[in-house]
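Please look over the notes below with the model open beside you. They are arranged as numbered points, to be read against the coordinates.

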Amino acid sequence: MSNTRHPHPNGEPRASQSDGRPGRNFNVVVLRQDGPGRPSYWERHIVEYEQDMNCISVLQKIAANARTADGRKVAPVAWDCNCLEEVCGACTMVINGRVRQACTALVDRLLQDNPEQIELRPMRKFPVIRDLMVDRSRMFNTLKKLKAWVPVDSYLDMGPGPRQSQENQQMAYVLSKCMSCGCCLEACPQYLKIELERKEGETEEEFHARERELHDRAFIGAMGIAAVDLFNTNPVGRMTATERLDALVAEGGIQICGNAQNCVKVCPKEIPLTTSIARAGRAATVHMLKRWFDR
Amino acid sequence: MARHRVIVVGGGLAGLAATMKLAELGVDIDLFSLTPVKRSHSCCAQGGINSVNSLTRQLGDAEWKHFDDTVYGGDFLAHQPPVKEMTEWAPRIIDLMDRLGVTFNRTPEGFRDQRRFGGTLFARTSFAGATTGQQLLYALDEQVRRWEVTAHVKKYECFDYLGPILDENGVCRGSIAQDMVSMEIRAFPADALIIASGGCGLIYGRSTMSMACTGSAVSRTFQAGARYGNGEFIQVHPTAIPGADKLRLMSESARGEGGRVWVPRKPQDPRPPQDIPEQDRYYFLEERYPKYGNLVPRDIATREIFNVCTKEGLSVENDRLCVYLDVSHLPRQLLDRKLAGILEIYEKFQGVDPRATAMKIFPAVHYSMGGLWCDYERTAEGGLNIGSPRNQQTNIPGIFAIGECDYHYHGANRLGANSLVACIFSGLITAPGAAALVQNLNGRAAAELPSTLYDRETQRHLARYKELLARPHDGENPYLIHRRLGDVMTKAATVVRHNDELDWACEQVQDLEDRARRASLSDTGNWTNQNVIFTRALVDMFPLAKTILKGARLRDECRGAHYKPEFVFPEIHATDPVQRRLEAEAWCDRFVENNRRWLKSTVASWSAEDREPLITYEDVDTSLIPPRPRLYGMVGGDIIEQVWRERGVREEAAV
């Protein structure tokens, strides 16, 4: 984060004890940013401990309180969330240095590991909209580029889909649990942030088209590679595998992967991303050779 | 001629199904959602999706039986033609979702696997692990993305729908929405508007619902003149994990796969559950309902769990109400293959492995059977005339309602795994109706209308927004008012309802509404202001909260999820056979009389002047399956069922 205005505040009042026992308060520091292109800054809040808290209830308390540790009235911290049970992917942020969902980040465990404080910051690989909210539309653009869908003829009644083995179903199910949270991309050294500013006189459409073009040329990341793997093993998806393989080996494709294997370690759904990368890598190699011979 | 556009508000299963089908029919769509649609609340649906299938058919099942289970489960409050049509479409809907790539669990031979769910004796439920809703949502999300690439669909994600735009004839001509990032308020012309915004669980504070389920889109449409049906019918799911921020669902599929609900016979037995021997366990659902066991419908399971804790004092814990939901006797391999998704949720949030130890669960607000009133066009055979614009259209011309936010299909209680099929079905069938409506507009398309109508509405909403920002800073905190609203609603209008408590709640809610309308914001900025979005949603919770309370207050009976102890029919106590029969006859007489008075949909319309709902009642189309006592083979209820059957035979003989 290049534009961090100042590091953790030290001189500010803190909760004296944060050992996680009822009735005690604990410290939460949040890396805030008022909007795109604005400087970021740390802010300390004191939160009253309750049983069974997670980082969502911490942020709810901060929003309800809207006062910093030193009593200053501030705008509530902005953050994304929806399901609160780790299936929607919305509340992804960096908590005590680790990218994860705020809803499953339980306060008791965080304070066990670090009784001093809980540190919340936005993901670094996506443009900050405000505070802990980031714009992850690039992930959805990647899914467009990769044609991550089953290209059925129509939505009319054509009977059931193809029969599948339990083994295939299990493999596809695991890949299909990807909730586009972005953890794998945050942890990936090859995935770099793209942040655009709207030019003067540029319409919204023009801006999004320009952005889309940049997204299309940038690295698709582990989640994109796994999506190709998922749809190219689907019995119907396989029929258009070539289109997805073309995208997989195009600019920003699988060749960017540096095999750091961070992705698989941070995936909250325990998707075997490196297995997918290996499988997709083999398919890409075969595809390249075939293309070369077919010339 | 300008191309016609349809606006869809909400990108869960219903909204996405409608969008995808409309795109296929050549209609352009603007899709609005509070969140990226892939993060919609449908992803929280766990257990599965119901339909008759080739296996159940061979055991005697048929579409008609799915239809019958659904209306019986809903205590006969649903209009029957839409339900009949839905159950007939269900097998085709699952086939379609299968083709779209949903990773349904498979049998060893490669067919779709099914499990049993509540309120039926057949294994009708197809499932993808224990995250079926997520998998269905993703398949539709992918299809809609496909149409987005070809520019048939334009998504407006992170937009807050502020209300419909009606012309001087009261016809819908578009909607107003606010960009939740830039806070810009804009008018969007359209020839039809489909509301698919889901449930309103946040009115209850904590529920199993997602944070986007505020009901605001529905409330704003209601306040613009749309009617609201059966508001008081709120489903409380029997099994959820209590939590500080949310009550997390523990799917019925846990019981569908063999999970058992029990409490120790000795109150607050201190032994860990796995050390309590069989004879010291009280499997109260199995004992009271031997036929359906743990798979009685949700309203019944919820009341039994509630009673065993409150009346019988058998809660597992002393200071917190809960019972055991036990899957620890099931093979680990089965649990991992079929239920991993939900067991992981329990493990992550409770830190206990439910494969080894019984889970502690308690009921939680889960689903709204009621919703925007909408129409349907019936065929002579009792199904729906597909393609008719009347299907799912509200009383405001041009506005449709689908999914959880319509009032069809589930009556007074929804059966598990019927919501997913209802959402996709209502979405799919609304597409041809809405397409027919916009393609046969007699007047001009919305895109050709003068901009004055749109400018006026934009200005009106802009003024309201500015008023919110300009409120004095010394008012109350909206988050605290919301918490209080949730407490009041949960106390008065969930499992057990009493008229005095409902009266009290009506007063409380009125007071809270007055306070919410004066609450002040802690953020008055004009960029990504979540404070504004929340406060406005809070203010819009009150019309629906009042509709729920008033509907419940007026309905002096027990039906499905609506339960007032004061109006419970007495159980048959006599042991003497003649006396038993007499009591059962009286019971049946009372049943007939009660239906004459109360087998009616509650229909509310909003009075802006009084800020109160006006309640009327509408007859229910029960022409296909006549109402009958809903006992689910309860121990002691057999004589009632026998007397009722004999009456039916006599009536038929008389005809």
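The points below take up confidence, then the contact between the chains, then the domain contacts inside each chain.

1. Confidence in chain A. This is a predicted model. Chain A has an average pLDDT of 92, and 92% of the residues score at least 70. The exception to flag is residues 1-7 of chain A, where the pLDDT is below 50. That stretch still has 16 contacts in the model beyond near neighbours in sequence. Where pLDDT is low, predicted coordinates should not be read in detail.

2. Extent of the interface between the chains. On the chain A side, 73 residues are in contact with chain B; on the chain B side, 69 residues are in contact with chain A. The two chains bury about 6,100 Å² between them. Carbon and sulfur atoms account for 51% of that area.

3. Chain A and chain B share six salt bridges. One side-chain pair that meets in a salt bridge is Arg163(A) with Glu109(B), at 3.4 Å from N to O.

4. Elements on the chain A side. Which elements of chain A each supply at least two residues of the side that touches chain B? The helices are α1 (55-65), α3 (137-145), α4 (166-176) and α6 (204-217), and the strand is β6 (128-130). The largest share comes from α4(A), with six residues. By class, this side of chain A has 40 nonpolar, 19 polar and 14 charged residues.

5. Domains of chain A. The assignment gives domain 1 as 25-130 and domain 2 as 136-294. Their centres, taken over C-alpha atoms, are 30 Å apart. In terms of contact, 19 residues of domain 1 of chain A meet 16 residues of domain 2 of chain A. Together these two domains bury about 1,500 Å², with 54% of it on carbon and sulfur atoms. In domain 1 of chain A, the residues that lose the most area to domain 2 are Val99(A), Lys125(A) and Phe126(A). Together they make up 44% of what that side buries.

6. How many salt bridges are counted between domain 1 and domain 2 of chain A? The count is three. Separately, Arg124(A) and Glu186(A) form a salt bridge, with their closest N and O atoms 3.3 Å apart. On the domain 1 side, β3 (92-95) and β4 (98-101) of chain A each supply at least two residues. The most comes from β4(A), with three residues. By class, the domain 1 side has 10 nonpolar, four polar and five charged residues.

7. Domains of chain B. Chain B is assigned four domains. Domain 1 is given as 5-233 + 369-449, and domain 2 as 238-363. Domain 3 covers 471-554, and domain 4 is given as 571-609 + 619-654. The centres of domain 2 and domain 4 of chain B are separated by 31 Å, taken over C-alpha atoms.

8. Domain 2 against domain 4 in chain B. Eight residues of domain 2 of chain B are in contact with seven residues of domain 4 of chain B. These domains bury about 680 Å² between them, 60% of it on carbon and sulfur atoms. The rule finds two salt bridges across this interface. Two residue pairs are in polar contact there, both residues at pLDDT 80 or more. On the domain 2 side, α8 (284-288) and α9 (298-310) of chain B each supply at least two residues. That side has five nonpolar, no polar and three charged residues.

9. A pair to inspect in chain B. The side chains of Arg288(B) and Glu571(B) meet in a salt bridge, 3.7 Å from N to O.

Note on methods:
Residues are numbered from 1 along each chain as its sequence is written. Chains are lettered from A and ligands numbered from 1 in the order in which they are written. Side-chain values use heavy atoms; hydrogens and water are left out. Contact means heavy atoms within 4.5 Å. Buried area is the accessible area (1.4 Å probe) that two parts lose on being put together, summed over both. A salt bridge is a side-chain nitrogen of Lys or Arg within 4 Å of a carboxyl oxygen of Asp or Glu. Helices (H or I, at least four residues) and strands (E, at least two) are DSSP runs, numbered from the N terminus. Ala, Val, Leu, Ile, Met, Phe, Trp, Tyr, Cys and Pro count as nonpolar, Asp, Glu, Lys and Arg as charged, and the others, Gly among them, as polar. Domain bounds come from an automatic or database domain assignment. A polar contact is a pair of N or O atoms within 3.5 Å; within protein, one must be able to donate a hydrogen and the other to accept it, and residues adjacent in sequence count only if both atoms are side-chain atoms. pLDDT is the predictor's confidence in each residue, from 0 to 100.
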